[in-house]
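Please work through the following exercises with the sequence and the model in view. Each task is followed by a solution in steps.

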Amino acid sequence: MRVTEDDLYRQSTQYKHWSFTPSRLSELRQKTNAHAAAQVKLHIAGDRAERAKRATREASSAPESGADTPNGNGTGTGANTPTPGGDVDCLTMDEEKMVVDKFCETAMKLGDFLKLQPDVTATAIQFMRRFYLYNSPMTYDGNKIAKTAFFLALKLELGTRAGSASDFASRLPKTSRDDIVAPEYTIVQALRFNFEVRHPFRGLKGVHLELEDLVRGTYAAPAQHGRTPEALQAAALQALEVSSPDDAVLKLGNIYAHAKDILAMAAQLTDAYFLYTPSQILLAAHLLAAPAITELYLTTKVPASAPAYPQIIGTIKSCTDLLSGHRSYSKNPVAEKLAWADTDPPATKKAMKKLKSCKDPLTQDLVALNAGKKRDVVRDGSLEESKAKRRKLNRERAEQESDAFWGPELRGGSAQPQRDGSEPKKEG
Amino acid sequence: MSRVARPSGASNRKAVEDSGASNLSHSLHSMSLQHQSPSKPARAAADSSPEVCQVCKSSRYLNQHMRFLVNPECYHKMCESCVDRIFSHGPAPCPIAGCKKTLRKARFRMQTFEDLKVEREVDIRRRVAKVMNKQEVDFESLRDYNDYLETVEEITWNLILKIDVEQTERRLRAFEEAQKAELNPNAPRRVMNAGPDTSTLSDTSHVILKKGGTQRRTQTASSGNTPDPSGAEERGFSFKGLKKRKVPEPEKAFDPWGGYSVDALYYSVKDEYDHKFFAVKHEAKFYASGYKAPEYYSHALRDAFGGLGVFLNEEMADLKLNAIDVPLAVGGGRDVEMNDVF
């Protein structure tokens, strides 16, 4: 059976689970936001009630001090803000999106700071974007999630060369191994264990390879329409506004670098990955970097008369609009790549400020939360009663089953029977 | 298995070890048996005592580790040291008077059954059964199968009772060869080439018989394979209703893609691209680990156009594919808990 490259892409998890129409995407965000807001209100109310109770208890003896809050450092939780009573003002969906974009920009700076390869940074940012589709920034703090997302991306892209969690933590300021590891399972679960992110970077190199062929006159296109490689070469040189193939190759190098910058920034910080396929994204970036040559190149792939042509061009153009609409986009390549990120738009600033007062108090200390989820961790002196009971029952049943296999237990013997693999064999 | 059974099992093992440990008691036991049967000595004397080697006349009484061996050519018993002495330097005739069979050291063995006649019969049956290994499914009808079984039994008894041994052996070998040829038609058949040379069998067959077993066998086998007027003679036996063996289909070459092949719409990969950015393409250290530049080219181009014609705007609108938020408690609520084993 013959399959096309499109069919191959349809097999990827990115297509199956992480591709959306714009309306579905906002629907999903709305749902996440509504759910998270409800949770946040519930938890903050509960937290306040408890604090009020404790305050009345301590009112007589000690002077009021906010030092012994349940969250240790006591910063950044909504419970600490001096808004007693009053309804909690949660983020809206749009504000949430701004906040997530801000988190991703910070993550990009972090990748720059750590001197990571661009695809590691891109993978980490996509992990974050996917994570915040199903989780709210009110619930999980972006800076904590970013560190772990980077660690996951490192492991994914570099494999065994990634190093351990403690190695990675030592490269970050004020971070311990537990900070890295604690949200890991939560993130991986939200990612549905879909670790593969299809990036447009390698594809861009493929396009670059073929374009170099094109300007050298050795290109064999699938839709030539009688145009010889030489005719295509002449057209390409004209489109690039150069006279010799060597100049054209130099210019293509610049175009490639510009397109790569667009992919590394604008494509990461918008919803491009959710709405378009990597092929469309990279061609859109290339179209932004060099419109004439890209259009010529596209007509050699899909003839302008083909029925699919308008739709393909339309999709790429709409992706172009999305990419060029981001504030990181510049018409010409710039030296200082992250300069645009130094100042935030006022709306983002406002949303970030608002976030401080509506964080979910239950999920701020991820390390403690993770420790609590682990097996047999003793919390407040004893395990949860139902859990302990269930474990005891299960353990007893397992012991009985093993008895049925190995024979009944030795009774009345002096030595305690050994319950491990080194049990002596029972027959000679 | 149970706890109760354990001590008895242990004591059993101990008993076995005890009995195995002392050979002395065993040999004493056997000697006492000999003494207890006064009716037997006559027969023992007639056999000139099983405890005395017929060749060197040494007795087990003097050497209790003595072992007696037989050779399935003639089933004459002799002690291990005689076998070593006589046959170490290659095949030699049997030293028992009147037996002129050529024996080889490799085929000497301990006898399994006390009665050598039984030993011989078992050997013959084993040999016949190895050749005549048809099953009921190989025949058209049950009647044919039963006829076949009867023929097999007849052959066996002919060999056991030494009736028409020469002819039966020859036919048996011819049949075996025919079976082998049918199973593996491409196998080189040395015997066929040597066939015509030994087709005259009149007086040379006597000489051949004195030679070693293997040599003789090939000779007779080749004589069995000589072109005979009747096809049945060439095949040794022909059985009515025996189905012709179906040759299994030759295995197809393994296809790791299971019949799928990528048929690119938008590109065709070349083996070589003229470019600078990928400078390592011709360095031996990259080839050595199995890295190939063409692989990279095809991967890059597949990435470049994989999904060009996939319009998520349309395809995701009516698709239920990404509606997977069913079992996962998402949206900032409680996460799905880890599976708790205990």
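This is a predicted model: local features need pLDDT of at least 70, side-chain atom pairs count only at pLDDT 80 or more; totals for chains, interfaces and linings use all residues.

**Exercise 1. Chain A as a whole**

Task: State how many helices and strands chain A has, and what share of its residues is buried.

Solution. Begin with the secondary structure: chain A has 20 helices and 1 strand. Next, consider burial: of the 428 residues in chain A, 49% are buried. Finally, take the contacts in chain A with a separation of 6 or more: 76% of them join residues 24 or more positions apart.

**Exercise 2. Two aromatic pairs**

Solution. A pair of aromatic rings is described by the distance of the centres and the angle of the planes. Over all chains there are 22 aromatic pairs. For A:Phe131 and A:Tyr132, the ring centres are 5.1 Å apart and the planes stand at 80°, so the pair is edge-to-face. A:Phe131 has a relative accessible area of 0% and is therefore buried; A:Tyr132, at 5%, is buried too.

Task: Classify the pair B:Tyr273 and B:Tyr297, and determine which parts of chain B the pair ties together.

Solution. The centres lie 4.8 Å apart with planes at 70°, so B:Tyr273 and B:Tyr297 are edge-to-face. B:Tyr273 belongs to the loop between β5 and α12 (284-288), and B:Tyr297 to helix α13 (residues 293-305), so the pair links parts of chain B that are 24 residues apart in sequence. Both tyrosines, B:Tyr273 and B:Tyr297, are buried.

**Exercise 3. Charges over rings**

Task: Find which charged end sits over the ring of A:Tyr134 and which over that of B:Tyr273.

Solution. Over A:Tyr134 sits the charged end of A:Arg192, 4.1 Å from the ring centre. Over B:Tyr273 sits the charged end of B:Lys270, 5.4 Å from the ring centre.

**Exercise 4. Buried or exposed?**

Task: Decide whether B:Thr156 and B:Trp257 are buried or exposed.

Solution. B:Thr156 lies in helix α6 (residues 142-160) of chain B. Its relative accessibility is 2%, under the 20% limit, so B:Thr156 is buried. Beyond its neighbours within four places in sequence, B:Thr156 contacts B:Ile124, B:Arg125 and B:Val128.

B:Trp257 is found in the loop between α11 (231-234) and β5 (261-262) of chain B. With a relative accessible area of 65%, B:Trp257 is exposed. Together with A:Met1 and B:Tyr260, B:Trp257 forms a nonpolar surface patch of about 440 Å² accessible area.

Key:
Residues are numbered from 1 along each chain as its sequence is written. Chains are lettered from A and ligands numbered from 1 in the order in which they are written. Side-chain values use heavy atoms; hydrogens and water are left out. Patches are made of residues with over 30% relative accessible area and no salt bridge: like charges are joined within 9 Å, nonpolar side chains (Val, Leu, Ile, Met, Phe, Trp, Tyr) within 5 Å. Accessible areas come from the Shrake-Rupley method with a 1.4 Å probe; for residues, only the protein chains shown count as cover. A salt bridge is a side-chain nitrogen of Lys or Arg within 4 Å of a carboxyl oxygen of Asp or Glu. Helices (H or I, at least four residues) and strands (E, at least two) are DSSP runs, numbered from the N terminus. Buried means under 20% relative accessible area, exposed over 50%, partly exposed in between (1.4 Å probe, protein chains only). Contact means heavy atoms within 4.5 Å. Rings of Phe, Tyr and Trp (its six-membered ring) pair if their centres lie within 6.5 Å; planes under 30 degrees apart count as stacked, over 60 as edge-to-face and the rest as tilted. A charge sits over a ring if NZ of Lys or CZ of Arg is within 6 Å of the ring centre and within 35 degrees of the ring normal.
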